[in-house]
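Here is a brisk report on the structure shown below. Look it over first, then read on.

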Amino acid sequence: MKLEVQGGYVPNILCQLSPGEEVFCEAGILVYCDPTIRFHMRPFTRGGAGATLKRTVIGGIPYRLQVFSGPGYAAFSRCGPGEVRILELAPGETVEVAEHSLLLASASVKYDVFYVKGTGRVGRMVGFWMDRLTGPGTIAIHGHGNIQSFELPPTEVFDVDHGAVLLKHDSVRLEAFNQPIGQDLLGRAMSYEALRVRGPGKLLLQTLDPTHSER
Amino acid sequence: MKFDHLGDVAPVLLLDIAEDEGAIVPIGSVRYRDPSINVDRLKLVLPRPMPGEIGNISEYFEVLEGPGTATVSTGRIGEVRVMELAPRQSLYLHSGAVLGRDARTDFRRVSVASYPLPHSVDLGYFVVAQITGPGLVAFQTQGNVLSFDIAPGERIRAPPHSVVAILPGIRMKVQVYGGPPDFPPLHYFSLVEFTGPGKVLLHSGRSLLKSGDVLAGSAE
């Protein structure tokens, strides 16, 4: 499989597949493909019908992945300004990617999702989903805006906005917290919510929050 | 008349309009203009593009009359392309938004392909904006432009939302995929297959436009 990043500030990734090679991705992100490319669906129903329904209806996580088989080429885009990164995962290596950021993964990559809980406060951060990808294999991700890369030592702790998280190693822990910031003019307590990140491991942040309104 | 585009990420179209010339632009898209530019409102009554549909649709535009300069913008990220159309030469725009065109050009909406809809006796239609020369036309995409010169017999497929512009000569058909056995019974999607020779422009962004709708004018 050959991967090439095309375009400028709204990049796409061009994937050249040999006969029998496969990549999978979320449905609906194809930009163009060779007529020789074949596709089918891979259902993602872990946890049974109830868990799948919850992920799909509440979380917006697809219950299916689209699989593209070679020979031929296919290009995929997340349709937003940003950067594309290609990562090679070693056998057993696990990374976790923010929802709707995965462009493609080779068929050998194991796919799962999990939920990062919010603080549960009414009207505040409700949490978000991340894709869990385990090697061996190749993945490509789209970071909205520019990507900032950090290698966190075991003692490192810092706070980020939840829309800033793009990718982390599974050793990096995320926890939503509530930070009081005083009172408003009526004496009501005010606070903001963020994610506390603890190393060790690799962390990629993105400078545009994809959950914000259209740019 | 001259068209030029300025800026990179969210570009504007610069129109240099001579006396007795006119340019047609989307309503509300002018960023600045010379005081010498006269602005008027244009109502186009167009036949409905779907075969069998009766009646017309009305679309509204602004007409800028020279002499002077003006800039127009969609306010969105993307690339601007400018083309000079020869007499009777047509450009078909799907996800591209018309930013400006010479008042001499002809604008209409046409269906360029039909395809059977799953679980229905009805047909689906691939509707585009047809702009016919002579004159200049400028359009904007969402995202970066991917330009393909397709050799005779060569084919390429793309989902409809990726298709920006089609130049005459290219053959196209819309195919519907999905359903059993590889997909759930109600999961269908369409791909447009282009066969050369000819040129097609795709883009890497997901268009919010439908057949060059709001930015091409303002539907009644």
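Is strand 17 (residues 173-183) of chain A largely in the open or largely buried?

Strand 17 of chain A has eleven residues, and the number buried is one, so the strand lies largely in the open. Buried means that 20 or more other C-beta atoms lie within 10 Å of the residue's own; exposed means 12 or fewer, and partly exposed falls in between, with C-beta atoms placed from the backbone. Strands (E, at least two residues) and helices (H or I, at least four) are DSSP runs, numbered from the N terminus.

Strand 17 of chain A pairs with strand 18 (residues 189-198) of chain A. The sense is antiparallel, over nine bridges. Pairing requires that DSSP find at least two bridges between the strands. A:Asn178 sits opposite A:Glu193 of strand 18 of chain A. Five residues lie between the two strands of this hairpin, where A:Gly187 has a positive phi near 85°.

## Basis of the model

This is a predicted model: local features need pLDDT of at least 70, side-chain atom pairs count only at pLDDT 80 or more, and totals for chains, interfaces and linings use all residues. Residues are numbered from 1 along each chain as its sequence is written, while chains are lettered from A and ligands numbered from 1 in the order in which they are written.

The predictor gives the complex an ipTM of 0.83 and a pTM of 0.87. Chain B averages a pLDDT (the predictor's confidence in each residue, from 0 to 100) of 88, and 94% of its residues score at least 70. Residues 208-220 of chain B have pLDDT below 50. Beyond near neighbours in sequence, that stretch has 37 contacts in the model. A contact means two C-beta atoms, placed from the backbone, within 7 Å.

## Chain A overall

Chain A holds one helix and 19 strands. The C-alpha trace spans about 65 × 35 × 35 Å along its principal axes.

Of the 215 residues of chain A, 33% count as buried. Take the contacts in chain A between residues at least 6 apart in sequence: 76% join residues at least 24 apart.

## Where chain A meets chain B

Chain A and chain B each bring 17 residues to the contact. Strand 4 (30-33) and strand 5 (38-43) of chain A each supply at least two residues of the side of chain A that touches chain B. Strand 4 of chain A gives the most, with four.

That side of chain A divides into eleven nonpolar, five polar and one charged residue. Nonpolar covers Ala, Val, Leu, Ile, Met, Phe, Trp, Tyr, Cys and Pro; charged covers Asp, Glu, Lys and Arg; the others, Gly among them, count as polar.
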